[in-house]
Amino acid sequence: MKYLFILLSFVFLLSCDRARQKAKHAVNKTGEVVAEAGSEFADGISKGVEKSFSNELVISGELTGAGLKAGKVSIVGTDSTTDNVLRVYLIFDNAIDRTVTVKVFDRKGQEYGRVAQPVHGRKGEAVYTDFVFDRRTNIDGKGKITFE
């Protein structure tokens with residue numbers, strides 16, 4: 001009887017260890033799947049945000065003729081506002097020193113934000129420039145943005 005008890009105890013411990021290893025493996029695998037899905041979800045959100053900020057960007061013929069181009073454009077906020085800052089990577093094919101007016105329009109073509117500020121750049125230079133609108137201006141993801 002004593003040997004039977006020892007044998008059963010050994011089998012029980014062995015099966016518990018095997019079950020624990022399987023459970024540990026299952027938990028690790030589940031963690032990997034969840035982490036991968038979370039990463040893909042975050043990538044999807046990021047791509048969705050980039051796609052939603054697809055305003056038409058129009059630079060006037062006068063500014064284009066003066067050598068001004070735009071690269072990457074993003075919409076950001078400040079600590080106390082939401083999406084009222086237009087961050088533009090400006091490229092200067094020629095030296096420019098002038099005031100530029102930027103207007104934002106909604107999908108229906110109605111203007112709802114305007115800011116004018118000096119823009120300076122040397123030929124061949126490229127810089128990020130922030131155009132800060134009134135704090136009540138929440139730049140939509142779709143519409144039109146003009147530079148005049």
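**Entry 1: surface and overall make-up**

I note that the model is predicted: local features need pLDDT of at least 70, side-chain atom pairs count only at pLDDT 80 or more, and totals for chains, interfaces and linings use all residues. Residues are numbered from 1 along each chain as its sequence is written, and side-chain values use heavy atoms, with hydrogens and water left out.

I list two helices and seven strands. These are DSSP runs numbered from the N terminus (helices H or I, at least four residues; strands E, at least two). Along the sequence they follow the pattern α-β-α-β-β-β-β-β-β.

Of the 148 residues, 24% are buried. Buried means under 20% relative accessible area, exposed over 50%, and partly exposed in between (1.4 Å probe, protein chains only). I then looked at contacts (heavy atoms within 4.5 Å). Among those with a separation of 6 or more, 64% join residues 24 or more positions apart.

**Entry 2: the open sheet**

In which order do the three strands of the open sheet stand? The order is S2-S3-S6, and the pairing is antiparallel. Strands S2 (68–76) and S6 (126–132) stand at the edges with a single partner strand each, so one side of each has no neighbour in the sheet. The twist averages 25 degrees from one strand to the next; axes are lines fitted to C-alpha atoms, for helices over the stretch in contact, and angles run from 0 to 180 degrees between N-to-C directions.

Two strands pair if DSSP finds at least two bridges between them. S2 and S3 (residues 85–92) have seven, in the antiparallel sense. I located Ser74 opposite Arg87 in S3. In the loop between S2 and S3 I find Asp83. Its phi is near 50 degrees, a positive value in a residue other than glycine.

**Entry 3: Lys103**

Is Lys103 buried or exposed? I read a relative accessible area of 13%, so Lys103 is buried. Lys103 is found in strand S4 (residues 96–105). Leaving out residues up to four places away in sequence, Lys103 touches Glu111, Gly113, Arg114, Lys144, Ile145, Thr146 and Glu148.

The side chains of Lys103 and Glu148 are joined by a polar contact of 3.2 Å. That term means a pair of N or O atoms within 3.5 Å; within protein, one must be able to donate a hydrogen and the other to accept it, and residues adjacent in sequence count only if both atoms are side-chain atoms.

**Entry 4: salt bridges**

I counted a side-chain nitrogen of Lys or Arg within 4 Å of a carboxyl oxygen of Asp or Glu as a salt bridge. By this rule there are seven. Asp93 in the loop between S3 and S4 and Lys69 in strand S2 are 24 residues apart, so the pair links distant parts of the chain. Asp93 is partly exposed at 32% relative accessible area, and Lys69 is partly exposed at 43%.

Glu125 and Arg122 have their closest N and O atoms 3.6 Å apart. Glu125 is partly exposed at 23%, whereas Arg122 counts as exposed at 61%.

Asp134 and Arg136 meet at 2.9 Å, N to O. Here Asp134 counts as partly exposed at 38%, and Arg136 is exposed at 67%.
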